[in-house]
Amino acid sequence: MSQFELGIVGDYFVPVTECSTAGAVAASDRLGLTRNTFMGVSGGKIVTIEPFTEVLRSRCQKFIDASRSKVVLPGLVNTHTHLAMSLFRGLHDDLPFSEWLFQNILPLESRVVDEAFVRLGTRLSLYECVRFGTTTVNDMYFYADAAAEEVSRAGLRGLISQVVLSAQSPECRVLGSDKKRLLERLVDRWKGSETVRVGVAPHAPYTCSDETLSWVAAEAKRLQLSVHTHLSETQFEVDQSIKQHGLTPVQRFQRLGIFDSPVIAAHSIYLTDADIRIMVASGASVSHCPDSNLKLSSGVAPVAQYLASRLRVGLGTDGAASNNSLNLFGAMNLGVKLQKWVGGSNTAMVASQVLRMATIDGARALGWDSKTGSLEVGKNADFIVVDLDYPHLQPVNDVISHLVYSTTGLEVETTVCGGVVLMRDGEFCGSGLSGEDFENVRDQVASLAGGF
Ligand SMILES: [Zn+2]
């Protein structure tokens, strides 16, 4: 009988262990990098990490040989997305933020979003996640139960939050407007799941009244849920909040009790020093979405300053309608370069720091760092293999640099979540996400193009 259900040897092994990005990080941080390292998996968990010897190969039921010019690293963690929105990819691009959101996306959603839309869009996005090495997602959208089912079936890890707005949401037509019932049903349904957690997502300060936000705060506390929201995304949002409420969006959320629960705040570009203090004191996290922030011309979050203030930051893509992909390799590349510019220094953020944001710090932001985000004995076997055998990745002078500055994301050749191989040599091979099913999804999606 085999000792390990799955084993892998990596030429380069980047476990992303040791310190957090919060605070100063040296450019020489190697993220625990070793060479020619074996990782054994049993029951979906990592049971050993040790120098590779040939005898280990025969002790594995399944064996992945990544010993030639390949890197093994943790599966990436996307801390802010709207998976179903991939069906809107390429629609209404290049418009000002308010015109994009209020005149186009929100009316479109109320017209076309139904359960079938959410299932199909979510499934398409999950293929994209696996292709680009993401194994954990923090999703916020309508029909959260359908999205949770898709994530569970696909074999990824997901924190799926039910969107709450003061206005009627598209699902009210079908599921009714009893938010409390909707949320309780969702919580009941996913209680005890190993891979899916549910949360509540007040959409944004400007789409939620004080009454709605107070309700969210009370329910999140009662049901012990984390809160996923858009917060302080534009200067306009902050100015309007101060005008209407005499408070910044963060101060208003604090007053209404939102920060009494764990909060993941997407964007958070315009935080005051007082806002930062509130968020640090409450243990809230920021999901930094550099692509979306630039594409919607919202601004650049001073992430290096947040980290120096010990505010936790994970990396996100946002939905495909505002990015337009779910590729965290792209987000790492852009994110770290932007910080060098806004921080006025080449050392304002370094490659290892943004790789932590895309892995262990993202997992911390979701409260899932005991399970994922780094490769350590006892954690779930969520890992990916990146092939360096391409002209643009040679010579391998610095593997951390290559992962952040040179990899496009398509070099991910293998994606494994909880010890289950979801993609091998670029082919989808999970029981929920297969090559055959992808063709089916692609055909259905193709027939929608130009139809919205
Ligand atoms: Zn968003």
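1. The chain is assigned two domains, domain 1 (4–75 + 380–437) and domain 2 (76–365), with bounds that come from an automatic or database domain assignment. The structure is a predicted model, in which local features need pLDDT of at least 70 and side-chain atom pairs count only at pLDDT 80 or more, while totals for chains, interfaces and linings use all residues. Residues are numbered from 1 along each chain as its sequence is written.

2. The C-alpha centres of domain 1 and domain 2 lie 27 Å apart. Their contact (C-beta atoms, placed from the backbone, within 7 Å) takes 32 residues from domain 1 and 38 residues from domain 2.

3. On the side of domain 1 that touches domain 2, the elements giving two or more residues are helix 15 (399–406), strand 14 (412–417) and strand 15 (420–424); helices here are DSSP runs of H or I with at least four residues, and strands are runs of E with at least two, numbered from the N terminus. Helix 15 gives the largest share of that side, five residues.

4. Helix 2 (residues 115–131) and helix 16 (residues 435–446) pack at an angle of about 130 degrees, with axes 10 Å apart; the axes are lines fitted to C-alpha atoms over the stretch in contact, and angles run from 0 to 180 degrees between N-to-C directions. Helix 2 is therefore oblique to helix 16, since angles under 35 degrees count as roughly parallel, over 145 as roughly antiparallel, 65 to 115 as roughly perpendicular and the rest as oblique.

5. In this contact, helix 2 contributes L120, R123, L124 and Y127, and helix 16 contributes F438, V441, Q444 and V445.

Key
Two residues are in contact if their C-beta atoms, placed from the backbone, lie within 7 Å.
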